[in-house]
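I opened my notebook beside the model today and jotted down what I looked up.

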Amino acid sequence: MIVLKTNRELALMREACRISAGALRVAGEAVQPGVSTEEIDRIAYEYIIKQGAKPNFLNYNGFPATACISINDEVIHGIPSKKRVIKEGDIVSIDLGASLNGYNGDNAATFAAGKISPEAERLINTTRESLYKGIEAAVAGGRIGDISSAVQRYCEERGYSVVRDFVGHGIGSKLHEDPSVPNYGTPGRGVRLLPGMTLAIEPMINMGGFEVRQLSDGWTIKTKDAGLSAHFEHTVAITTDGPKILTVE
Ligand code: MG
């Protein structure tokens, strides 16, 4: 069931999203060679708590941390650990959210640790840009497939592949709501986009093939061919005035 939000609900959700964006910013600023992913997670946790909000990934389906932190060929759902220390040249995807007033925010970005390769930088830039292509297509009266195909086309034209096994989602009083928002699809197909819909649009883009596998920790998702992967996400509201990114400070 797709829940459309009133303007009052969108205003409440905007607050949860603002805190989510701030937490992602401080977590990203902490990405440096020599820092453990657990330290980054703690920084995000403390930021969210200090703002009076709650980390909404923590204990979600048993996830043990505030942030999913996924390095290099890890796509999503990496578990922070003090043993996992970031190295020069790593690319570090951080995905996290906060809940406040009964509403959720969710956002992600991939950060560079020190100096990274030009190839890694191009992957990051393309993935970020594909998110904005998807957001531009999130227009009332359109369809989910408009978003999906905008992301897919932008990335595939540049030689990358789009993860199939994980997709974006509706978001609101629940972290994951209907509809699904795939990063691949056909323009003009799928659910109709309506004002009041709130979507987490989140391209997960691989340098090699789109296939992924899950590690034995039950969470971490890696690329099957060990190629690099990047991930960007915003929570977006569809309004009569066009798409509005909610996960901004
Ligand atoms: Mg999400």
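How much space lies in the second largest pocket? I found about 150 Å³ there, in a predicted model where local features need pLDDT of at least 70, side-chain atom pairs count only at pLDDT 80 or more, and totals for chains, interfaces and linings use all residues. Residues are numbered from 1 along each chain as its sequence is written, and side-chain values use heavy atoms, with hydrogens and water left out.

**Pockets**

I noted the terms before going on. A pocket is an open set of points on a 1 Å grid over the protein atoms alone, where a 1.4 Å probe fits, with protein on both sides within 12 Å along at least five of seven lines; lining residues have an atom within 4 Å of a point. A volume is the space filled by probe spheres set on the points.

Of the 14 residues lining the second largest pocket, L24, A108, A109, F232 and H234 are the closest to its centre. Strand β7 gives the largest share of this lining, four residues, and α1 (7–29), β7 and α3 (118–136) each supply at least two. Helices (H or I, at least four residues) and strands (E, at least two) are DSSP runs, numbered from the N terminus.

I then turned to the largest pocket, with about 290 Å³ of space. Its lining has 18 residues, and F57, Y60, H77, D95 and H176 lie nearest the centre.

**N107**

I looked up N107 next, in strand β7 (residues 107–112). At 1% relative accessibility N107 counts as buried, a term for under 20% relative accessible area with a 1.4 Å probe, protein chains only. The N107 side chain reaches the backbone oxygen of S20 at 3.3 Å, and a polar atom of that side chain lies 3.4 Å from the backbone nitrogen of A21. Leaving aside neighbours within four places in sequence, N107 has contacts (heavy atoms within 4.5 Å) that include L24, D95, E233 and H234.

**Magnesium site**

E233 turned up again here: the magnesium ion is coordinated by D106 (OD), H169 (NE2), E202 (OE) and E233 (OE), at 2.1 to 2.4 Å. Along the chain these donors follow the spacing D-x62-H-x32-E-x30-E. H169 lies in strand β9 (residues 168–170) and E202 in the loop between β11 (198–201) and β12 (204–206), so the pair ties together parts 33 residues apart in sequence. Both H169 and E202 are buried. I kept in mind that donors are N, O and S atoms within 2.8 Å of the metal (3.2 Å for Na, K and Ca), and that water is not among the atoms, so sites may look incomplete.

Terms used. Buried < 20%, exposed > 50% of the residue type's maximum accessible area, 1.4 Å probe, protein only. Polar contact = N/O pair within 3.5 Å; in protein donor to acceptor, adjacent residues only side chain to side chain.
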